[in-house]
Amino acid sequence: MINMREKLMGVIPLMVALVFVVAIGAYSSPSYAATASQTVTVTVPEAISIVVPNVNFGSIAAGSEGTSPAFTVSNTGNVKIDLYVKADASAFTSPTATDTIPITGFNIFSNVTGNYQNITTSSLKIYDNMNKASQGAGTPTTWTTTLRLFVPPFTEDGTYTITNTYTAVKHNSPAP
């Protein structure tokens, strides 16, 4: 029996040691650091904005064609654009003259074709994929072009005007 008792006495300290090890393993010290991931999202709204100056041809003799001074169209927005133009009437008119100057001889130099195109009362694409204003400084992207106009023979003297509407749409969006 002494043998058994000696064996038990040897096993008891071993069991106490195991319980102690298991208890220490189950206890963890306080956590002073942890990590987690966060996704942050922001949406920047599209801002389409252009600047187009008024144009004065100066004098064009009746029966002649004239070219306007060069003028600059600016994309001041934050998206690439396609640019369209249309005349708001079918003729130039004058408050003092009875004649009109038809838009059949009214053209703009187009970036799309590299040639002059006839301006009509329907939207005409004149620039494809104009870059946006530069990030940070906001420096606009610019394009310089000219207009041409034929004044029919014997057109009454006077100052004739017409309004053009320029429309910018986000690149590859439907035409206005």
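Strand S7, residues 106–109, pairs with S8 over 3 bridges, running antiparallel. Keep in mind that this is a predicted model. Across that pairing, Ile 108 sits opposite Gln 117 of S8.

Zooming out, S7 and S8 belong to an open sheet of 4 strands, ordered S2-S11-S7-S8 with antiparallel pairing. Its edges are S2 (65–67) and S8 (116–118), each of which pairs on one side only. On average, neighbouring strands here are turned by 25° against each other, direction ignored.

Back to Gln 117, which lies in strand S8. Is its side of the story buried or exposed? Gln 117 counts as buried because its relative accessibility is 19%, under the 20% cut-off. Its side chain also makes a polar contact of 2.8 Å with the side chain of Ser 110. Leaving out residues up to four places away in sequence, Gln 117 touches Phe 106, Asn 107, Ile 108, Ser 110, Leu 124 and Lys 125.

Now for the largest nonpolar core. It has 27 residues, and among those touching the most other members are Phe 106, Ile 108 and Tyr 166.

| Strand | Residues |
|---|---|
| S3 | 71–75 |
| S4 | 81–87 |
| S9 | 124–130 |
| S11 | 147–150 |
| S12 | 164–170 |

As for Tyr 166, its contacts beyond four places in sequence include Ile 50, Val 52, Phe 71, Leu 83, Ile 108, Ile 126 and Leu 147.

Conventions:
Residues numbered from 1 in each chain as written. Predicted model: local features only at pLDDT ≥ 70, side-chain atom pairs only at ≥ 80, totals over all residues. Heavy atoms only, no water. Pairing = 2+ DSSP bridges. Helix = DSSP H or I, 4+ residues; strand = E, 2+ residues; numbered from the N terminus. Axes fitted to C-alpha atoms, helices over the stretch in contact; angles between N-to-C directions. Buried < 20%, exposed > 50% of the residue type's maximum accessible area, 1.4 Å probe, protein only. Polar contact = N/O pair within 3.5 Å; in protein donor to acceptor, adjacent residues only side chain to side chain. Contact = heavy atoms within 4.5 Å. Core = buried A, V, L, I, M, F, W, Y, C linked by side-chain atoms within 4.5 Å.
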